[in-house]
Amino acid sequence: MVGLRERTASVESNPLSVGHPALQSEFERCWPWIEASLEFGAYKHNGKIWPTHGKKHVWDRIYSGRAFFWPGKDCVFITEFINSPTGLKSHHNWLAGGDLDEIKSMMPVIEAWGKKHGCHRQLGSGRRGWLRAFDGYEEIGVRKQKDLHA
C-alpha cells in the first residue's frame, strides 16, 4: 500500500471512500477521536452517557456514502451534506477530533471539496472555542438541551 501516513499527512483533496483499501483500518485507528466527539454532544443522565450514534452507526453512514471520512495523521473529520428543500446545500462538519493544528490545516481542503460539490456554506457545531480556531466563521445560533428526566 502506498504510504498512508504520508497521504494523510499531506491531506488529499478527497475523503476516503468505499473501495479504498485502508478505509476500515483508518476508521479503527481514528475511532477514539470520533468517539470523543460523539461523547461531547451526548445526553448524560444518572452517570450514563447516551451518544447520538454508536460505532456501527457512524461506520454505516460512511460505508453507505451518507458521510465522508477524512483521516489525518493525528486527527479526523467526518462530514456530510445537508440538502434543504429551498435548494440550500451545506457541507456539515459532523464530527472532528485529534490534533487541533492538523485539524486547522485540513479545513481549507474540506471547505474546497464542499464548494466543488455545490455547497453554499460550511457548517459545524460544537464548543464555542471552534469559532476562535477558524477564520471566517460566525455563530449562527445556540444549541440547547433540557433534561426531561431530571
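**Exercise 1. Find which residues of helix α2 are buried in this predicted model.**

Solution.
- Start with the list: Leu-23, Glu-26, Phe-27, Cys-30, Trp-31, Ile-34, Ser-37 and Leu-38 are buried in α2.
- Now look at the spacing. An α-helix has 3.6 residues a turn, so residues three or four places apart point the same way.
- Apply the cut-off: each buried residue has under 20% relative accessible area.

**Exercise 2. Work out how far α2 reaches and where the helix bends.**

Solution.
- Helix α2 covers residues 23-40, which is 18 residues.
- From first C-alpha to last, α2 reaches 25 Å, close to the 26 Å expected at 1.5 Å a residue.
- The bend is about 55° and sits at Cys-30. A proline, Pro-32, follows within four residues.
- Cys-30 is also one of the buried residues of α2.

**Exercise 3. Describe both faces of strand β3 and its link to β4.**

Solution.
- In a regular strand the side chains alternate between the two faces of the sheet.
- In β3 (residues 68-71), Phe-68 and Trp-70 lie on one side, Phe-69 and Pro-71 on the other. All four are buried, and both faces are covered.
- Strand β4 (residues 75-83) runs antiparallel to β3, joined by 4 bridges.
- Phe-69 stands opposite Ile-78 in β4.
- A hairpin of 3 residues connects the two strands.

**Exercise 4. Characterise the largest pocket and its lining.**

Solution.
- Its volume is about 1500 Å³.
- The lining has 48 residues; Gly-124, Ser-125, Gly-126, Arg-127 and Trp-130 are the closest to the centre.
- Sort the lining by class: 20 nonpolar, 18 polar and 10 charged residues.
- β5 (89-98) is among the contributors and gives the most, with 8 residues.
- α2 supplies at least two.

Technical notes: Residues numbered from 1 in each chain as written. Predicted model: local features only at pLDDT ≥ 70, side-chain atom pairs only at ≥ 80, totals over all residues. Heavy atoms only, no water. Expected span 1.5 Å × (residues − 1). Bend = angle between axes of the 7 residues up to and from the residue. Buried < 20%, exposed > 50% of the residue type's maximum accessible area, 1.4 Å probe, protein only. 1 Å grid on protein atoms, 1.4 Å probe; cavity = no way out; pocket = protein on both sides within 12 Å on 5 of 7 lines; lining within 4 Å. Points joined across faces, edges and corners; volume = space filled by probe spheres on them. Nonpolar A, V, L, I, M, F, W, Y, C, P; charged D, E, K, R; others polar. Pairing = 2+ DSSP bridges.
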